[in-house]
Amino acid sequence: MRAFATRLVVVLTIILGVNYVAWRWASSLNWDAWWIAVPLVAAETYSLIDVMLFGMTVWRLKVRTAAPPAVPDASVDVFITTYNEPLDLVMTTALAAQRIRHPHSTWILDDGARPGLRDLAAMHGLGYVTRSEDWKDMPRHAKAGNLNNALMVTEGEFLLILDADQIPEPDILEKTLGYFNNRRVALVQTPQYFSNVPADDPLGSQAPLFYGPIQQGKDGWNAAFFCGSNALLRREALMQLGLVGYVKETERSIRRALAASRSAIRKARKSAGSASPLVAQMLNEVETATQQARRQLDDGDTLGEITYRVRRKVDQAVQTLVQADVSALQADLEEIAAMEFAHVGDSGVPVVTEDAVKRLTARDWSPLGALESTQAVLDALSVERTGEAQPVMPLATISVTEDMATAMRLHSMGWQSAYHHEVLAYGLAPEDIATMLTQRLRWAQGTMQVMLRENPLVQRGLKWGQRLMYFATMWTYLSGFAAVIYFAAPIVYLLLGILPVTSLSGDFFIRFIPFMIVNQLLFAVSGRGIPTWRGQQYSLALFPTWIKACTTAARNVWFGRPLGFAVTPKDRQAGGPSWSLIRPQIIVSALLAISAVVGIARLATGLSEPVGTLVNVAWVVFDLVVMSILVRAVLYKGFEPGAVPEGEAVPGAGPAEERNNIGT
Amino acid sequence: MELSYEVKDSYAEIRAAGRLNMVSAPKLRDFVADVVASGSSRIVLNLADTAFMDSSGLGALIGCLKAARQAGGDLRIAAVQPQVKMVLELTSMDRVLTSYASADEAFGDD
């Protein structure tokens with residue numbers, strides 16, 4: 001019944017939405033003010049697509065019944081990831097994890113390598129893992145790296161991943177492991193809920209819409225997301241992911257190296273020392289070897305064989321060269337000794353041993369090192385993935401939010417996922433706006449990185465439903481740009497009297513108002529009364545964060561610039577109210593307020609007409625009400641226990657700020 | 001590799017800065033041959049700024065020794081750095097080429 005009601009409202013929303021936006025494009029644009037008219041209709045189109053994607057999500061909303069009982073001997077590793085969280089916080093989670101009922105091993109994955117934590121773990125009989133020696137001077141890949149490192153030293157068939165603050169219930173495994181009885185299931189995600197958030201949730205930490213209709217809807221499309229914590233993974237699937245990724249990455253780097261070898265050899269020939277016949281001969285050898293490798297690669301020979309052959313050929317050339325050097329040297333020595341007046345050592349002419357020759361041909365002393373660019377190419381012709389700590393990286397490292405990228409790769413290899421809609425772990429949300437903003441920025445940046453690096457719309461192996469489910473989340477993060485336009489339009493009208501639509505006549509209201517109503521109805525029906533207002537406020541109010549995420553991620557992916565990434569602190573930041581963090585919003589709010597006053601004054605002096613002023617002032621009031629949440633957020637002093645009634649757990653904050661609101 | 005030389009009282013000091021490898025070895029041979037041809041056959045090769053040497057570099061070193069001796073002089077090396085020292089020891093060339101702490105000391109005994 002609920003499913004039918006939801007689908008009915010989805011259909012209505014799409015019909016009325018398309019009806020409104022098509023009319024806007026076709027016959028409402030004020031071309032005299034195209035500079036605001038076109039951006040506004042574009043923003044509205046953006047929002048329509050957003051709500052259509054939401055409609056598609058909840059169309060298949062999947063309410064699961066309890067999972068079947070788990071296989072009793074399924075082996076599980078519980079991983080608690082930590083970097084710099086206070087030790088007592090980590091230990092509280094770790095000890096709760098130890099008390100989980102299904103047989104398992106508990107591991108603390110300490111990326112901070114703190115001796116104190118090591119001792120505590122040992123004292124309580126908990127596993128303790130830090131990065132191995134292999135990670136020295138290698139890219140660390142944050143949490144993904146931490147997990148990948150631990151995967152190499154543990155062996156449980158399934159993994160439960162918990163952030164340091166996520167205290168699990170003892171029955172978390174009993175309730176979720178059964179999903180894996182289906183051999184194709186690789187991921188089970190449970191909600192992230194925060195116990196330190198008051199009922200009015202001033203920082204918008206709980207995301208009931210995401211850990212609810214959105215995840216349940218994605219689940220219906222077999223596209224439930226992995227959200228980094230409170231999730232179970234099948235090791236076999238992760239390892240498959242790592243191996244496939246390793247082979248792909250290796251082939252790519254070998255192709256790149258072979259392509260680069262031509263220009264490297266050409267460059268080496270042109271450079272100063274190439275006049276020497278030895279150098280020329282060496283370069284010829286390398287050239288022949290790489291040409292052969294290119295042919296073999298095209299013929300489909302294995303990467304291992306190809307790289308091995310290149311290595312051997314080059315090694316032989318180096319050996320010949322060193323041997324030639326040594327023979328010449330030995331001949332020189334004989335000549336010197338033959339000169340009667342000369343003295344060469346006490347016991348005749350020394351002989352360079354085989355071992356010494358061997359050492360002189362080794363990579364670090366080889367004469368080939370003189371041809372740096374050529375040496376670099378040959379180094380890249382390896383299957384050892386020398387630029388990474390470990391060749392096999394099961395968790396994706398292409399993004400600062402490893403979870404979404406990993407889930408997408410799992411789905412594209414045909415694995416299935418499940419979303420278990422029941423709070424089974426209690427975490428800590430940020431308690432100040434600075435930390436909250438950092439966290440939201442990180443999630444948004446990570447999502448945009450994935451979108452730009454591995455656009456879900458073109459991922460082979462994903463079904464179209466799955467592609468659109470991933471795309472939907474990415475699409476929501478573009479909302480910052482639309483928000484700016486939604487703020488600008490009423491300001492432009494109230495200050496200058498310029499309307500982006502030709503007229504605010506009955507034509508407009510008859511199309512716009514029904515759409516707005518079904519749009520809100522859609523949230524009400526699909527969410528069945530869960531609070532979504534806070535989410536809607538933040539989706540609009542955090543527009544500078546979303547824009548920054550898009551621009552920094554684009555710079556990072558396209559130009560290799562750093563993201564300016566920071567780990568989300570779990571303890572509250574000190575200091576007074578930080579108004580400077582929301583300066584853009586304060587400026588926009590001030591502009592909105594001023595324009596409302598000016599607009600009313602213009603109406604009083606007859607410069608504007610009443611309907612336009614009324615609509616735009618109402619719009620401004622709405623925007624200011626939305627933005628007012630930030631005042632409460634800045635003034636929020638942190639959580640005081642006792643402020644939230646017991647047992648009112650509602651699923652909370654998601655990795656993605658999923659929100660859908662249109663037309664403001 | 002940067003090469004320069006300076007004629008002192010009883011010998012010529014050649015300074016070699018950079019990596020003594022396959023590419024630079026022929027340069028060193030030519031340079032020393034020129035110095036010998038110009039009349040200085042007692043040569044100190046100052047290796048203070050030579051951090052690396054490969055088999056070609058070692059070959060050049062012995063080649064230069066031969067050139068100096070054929071001209072009736074000698075070639076001595078000074079201020080040898082760790083990697084170069086390892087190569088010399090490994091190949092027993094330290095028995096042919098004594099290394100001195102500094103260029104001054106190289107011909108100090110005669």
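Domain bounds here come from an automatic or database domain assignment. With that in mind, chain A of this predicted model splits into three pieces: domain 1 (2-59 + 467-635), domain 2 (76-238 + 391-431 + 443-458) and domain 3 (244-380). Two contact surfaces are worth a look: the one between domain 1 and domain 2 of chain A, and the one between chain A and chain B.

**Domain 1 against domain 2 in chain A**

- Going by C-alpha atoms, the centres of domain 1 and domain 2 of chain A sit 33 Å apart.
- Domain 1 of chain A puts 35 residues into the contact, and domain 2 of chain A puts in 36 residues.
- On the domain 1 side, the helices that each supply at least two residues are H2 (34-59), H15 (464-476), H17 (506-527), H18 (533-541), H19 (543-559) and H21 (610-635) of chain A.
- H19(A) is the top contributor to that side, with nine residues.

**Chain A against chain B**

- Here 28 residues of chain A meet 21 residues of chain B.
- Three helices of chain A give two or more residues to the side that touches chain B: H9 (277-298), H10 (303-338) and H11 (354-361).
- H10(A) gives the most to this side, again with nine residues.
- The chain A residues on this side come out as 19 nonpolar, five polar and four charged.

Technical notes: Residues are numbered from 1 along each chain as its sequence is written. Chains are lettered from A and ligands numbered from 1 in the order in which they are written. This is a predicted model: local features need pLDDT of at least 70, side-chain atom pairs count only at pLDDT 80 or more; totals for chains, interfaces and linings use all residues. Two residues are in contact if their C-beta atoms, placed from the backbone, lie within 7 Å. Helices (H or I, at least four residues) and strands (E, at least two) are DSSP runs, numbered from the N terminus. Ala, Val, Leu, Ile, Met, Phe, Trp, Tyr, Cys and Pro count as nonpolar, Asp, Glu, Lys and Arg as charged, and the others, Gly among them, as polar.
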